[in-house]
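Biologist: I have a model open and would like to understand how the chain is organised. Could we go through it together?

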Amino acid sequence: MLHPAVTGHLPFFITAPGQTDGLFNAMIVFLVVVVFSVGLFYLRLHALPEHLAHGASKVQIQIVGVLALLALFTHNHIFWIGALLIALVQFPNFSAPLASMAQSLERLAGRAPQDAGYASRPAVEVAPPAENEHPPAVPERVA
């Protein structure tokens, strides 16, 4: 029985006492999906500089990662902007030319090069071929 002051037409979202509220249940599901989606978007956006710096040098990736974490935990956006800018800029490799110059100066000075772990030094020394040594013969094709 309806109250006498109620109009003849009730909106769909008004339920009878003791019945399940369908709109409330739909809104709960909708809000859970929206909150999960916004959180996923936020974390993906925060990880963007790290994804962009993935192919860079190890030091650059570490700097970008630290700045992104600082931005995530402190909510200072300048750290995230800095991480994004560092991720987008490709820094030149300064260590290989400097190591090559150091090796050349050691050779010019007549000192034996010390194993300092230079980046450009080959792992295996290749000896030049002896004067009486000939390259191996290549077998000819028989047609």
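Modeller: Read along the sequence, this predicted model follows the pattern α-α-α-α-α.

Biologist: How many helices and strands are in the protein chain?

Modeller: The protein chain has 5 helices and 0 strands.

Biologist: Let us take α3. Which residues does helix α3 cover, and what does its span come to?

Modeller: Helix α3 runs over residues 58–74, which is 17 residues. From its first C-alpha to its last it reaches 24 Å, close to the 24 Å expected at 1.5 Å a residue.

Biologist: Which residues of α3 are buried?

Modeller: They are Gln60, Val64, Gly65, Leu67, Ala68 and Ala71. These residues lie on the same side of α3, because they cover an arc of only 170° around the axis.

Biologist: What do the buried residues of α3 pack against?

Modeller: Their partners are α1 (22–46), α2 (48–52) and α4 (77–88).

Biologist: And which exposed residues sit on the face turned away from the buried side of α3?

Modeller: That face carries Lys58, Val59, Val66 and Phe73.

Biologist: What follows α3?

Modeller: His75 follows α3, and the phi of His75 is positive, near 60°.

Biologist: Now the whole chain. What percentage of the protein chain is made up of buried residues?

Modeller: Buried residues account for 12% of the 143 residues in the protein chain. The accessible surface of the chain is about 12,500 Å², and 69% of this surface belongs to carbon and sulfur atoms.

Biologist: Which percentage of the contacts between residues at least 6 apart in sequence join residues at least 24 apart?

Modeller: In the protein chain, 38% of those contacts do.

Key:
Residues are numbered from 1 along each chain as its sequence is written. This is a predicted model: local features need pLDDT of at least 70, side-chain atom pairs count only at pLDDT 80 or more; totals for chains, interfaces and linings use all residues. Side-chain values use heavy atoms; hydrogens and water are left out. Helices (H or I, at least four residues) and strands (E, at least two) are DSSP runs, numbered from the N terminus. Buried means under 20% relative accessible area, exposed over 50%, partly exposed in between (1.4 Å probe, protein chains only). Contact means heavy atoms within 4.5 Å. Accessible areas come from the Shrake-Rupley method with a 1.4 Å probe; for residues, only the protein chains shown count as cover. The expected span of a helix is 1.5 Å times one less than its number of residues. The arc is that of the directions from the helix axis to the C-beta atoms.
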